[in-house]
Amino acid sequence: MSAERVRALRAAAYRIPTEAPESDGTHCWDSTTMIVVEADAGGQTGIGYTYSDASAAAIVRDRFAPLVEGRRAMDVGAAWDVMVADLRNAGRPGIGACAVSAVDGALWDLKAKLLGLPLADLLGRVRDSVAAYGSGGFTSLDESELSEQLGGWAASGFAMVKMKVGREPARDPGRVAAARRAIGDSCALMVDANGAYSRRQAVAAADVFAESAVIWFEEPVSSDDRDGLGFVRRHAPSGMAVAAGEYGYDPWYYADMLRSDGIDVLQADATRCLGITGWLNVAALCEAGHVPLSAHCAPSAHLHVASAARPLIHVEYFADHVRIESMLFDGFPEAREGRLRAAGDRCGHGIALRRPDAERWRVA
């Protein structure tokens with residue numbers, strides 16, 4: 001088993017339209033592109049994925065396949081090293097890091113399947129289930145639609161829900177108040193500005209949001225403004241956590257973020273931050289620094305690694321990704337009563353691509 005070598009590494013890009021145009025504080029979109037990577041060895045196929053530009057698939061096929069094919073399937077760390085090194089001049093952050101992330105996820109899935117284990121057990125499970133929070137509440141939704149979505153999550157057992165703010169700051173107090181009415185007093189409310197506010201706007205908004213018992217303020221200002229995050233954190237009402245980190249592409253970014261002292265909770269995305277290998281490095285930084293960690297989006301990619309990470313507090317159950325992953329993956333981990341559970345009877349991530357369903361959306 002330990003001698004099995006990677007026979008093939010494949011990548012394909014799928015662009016799935018949203019049901020309606022969507023927006024947050026700083027971005028608008030009408031489709032989402034998923035890059036799926038498959039790695040073969042020993043009669044098994046590992047699957048990994050990322051949400052990025054379709055060009056990430058070309059990086060996997062043109063740059064990484066020649067580096068990974070022929071390597072021992074057990075040596076995930078060695079494959080990670082050569083991919084990261086290969087991007088030195090091509091550009092590691094951004095699309096390059098997303099491509100590494102998808103391959104790394106596929107190789108970890110492959111290794112677990114070759115060993116006949118759920119990935120959580122291979123990584124060292126520390127919990128039987130992980131808390132999830134319902135995430136959506138796009139600024140493109142009117143108050144009725146917002147209330148229906150968030151209220152529905154609360155009614156289904158989610159203890160936490162998150163909504164977008166920042167596109168029209170004058171409307172945010174009313175939208176947040178409507179969300180609070182919809183979810184009731186027993187469900188925690190979180191907001192995400194995606195960096196839309198200025199520093200002083202964010203502090204003023206935080207004071208208003210506190211009236212609706214908001215407990216989480218994500219990216220009140222740009223994550224690139226570390227001093228600004230610190231400013232908001234120092235002036236935010238007691239009990240309101242400042243969170244950021246979803247746009248980190250490597251562990252070194254997260255080390256800088258933690259040193260800045262601008263956050264209460266760090267977010268990391270295994271489909272961006274150099275895969276499961278990179279995400280585990282971030283988890284180690286959080287554990288050493290006594291900082292809670294939250295998994296950003298892509299619930300199928302995060303369930304098993306989250307089950308094995310001590311500083312993990314929850315996984316984002318992001319509406320767009322839930323829709324796409326439930327459409328394209330057999331074994332999608334559906335949240336029940338606001339929690340996700342890594343199945344003990346399915347090896348690896350526990351998911352498989354529904355190829356016929358995916359092919360209609362293929363773009364590369």
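I looked up Lys 113 and Asp 109 and found both buried (under 20% relative accessible area, with exposed meaning over 50% and partly exposed in between; 1.4 Å probe, protein chains only). The model is predicted, so I noted that local features need pLDDT of at least 70 and side-chain atom pairs count only at pLDDT 80 or more, whereas totals for chains, interfaces and linings use all residues. Residues are numbered from 1 along each chain as its sequence is written, and side-chain values use heavy atoms, with hydrogens and water left out.

Entry on helix H3. Lys 113 and Asp 109 form a salt bridge with the closest N and O atoms 3.0 Å apart (the term requires a side-chain nitrogen of Lys or Arg within 4 Å of a carboxyl oxygen of Asp or Glu). I placed both in helix H3 (residues 95-115), 4 residues apart, about one turn of the helix. Helices (H or I, at least four residues) and strands (E, at least two) are DSSP runs, numbered from the N terminus.

Entry on strands E5 and E7. I recorded a salt bridge between Glu 218 and Lys 162 at 2.5 Å, N to O. Glu 218 lies in strand E7 (residues 214-218) and Lys 162 in strand E5 (residues 160-164), so the pair ties together parts 56 residues apart in sequence. Glu 218 is buried at 0% relative accessibility, and Lys 162 is buried at 1%. Salt bridges that share partners join Lys 162, Lys 164, Asp 192, Glu 218 and Glu 316 into one network.

Entry on the total. I searched the whole structure and found 23 salt bridges.
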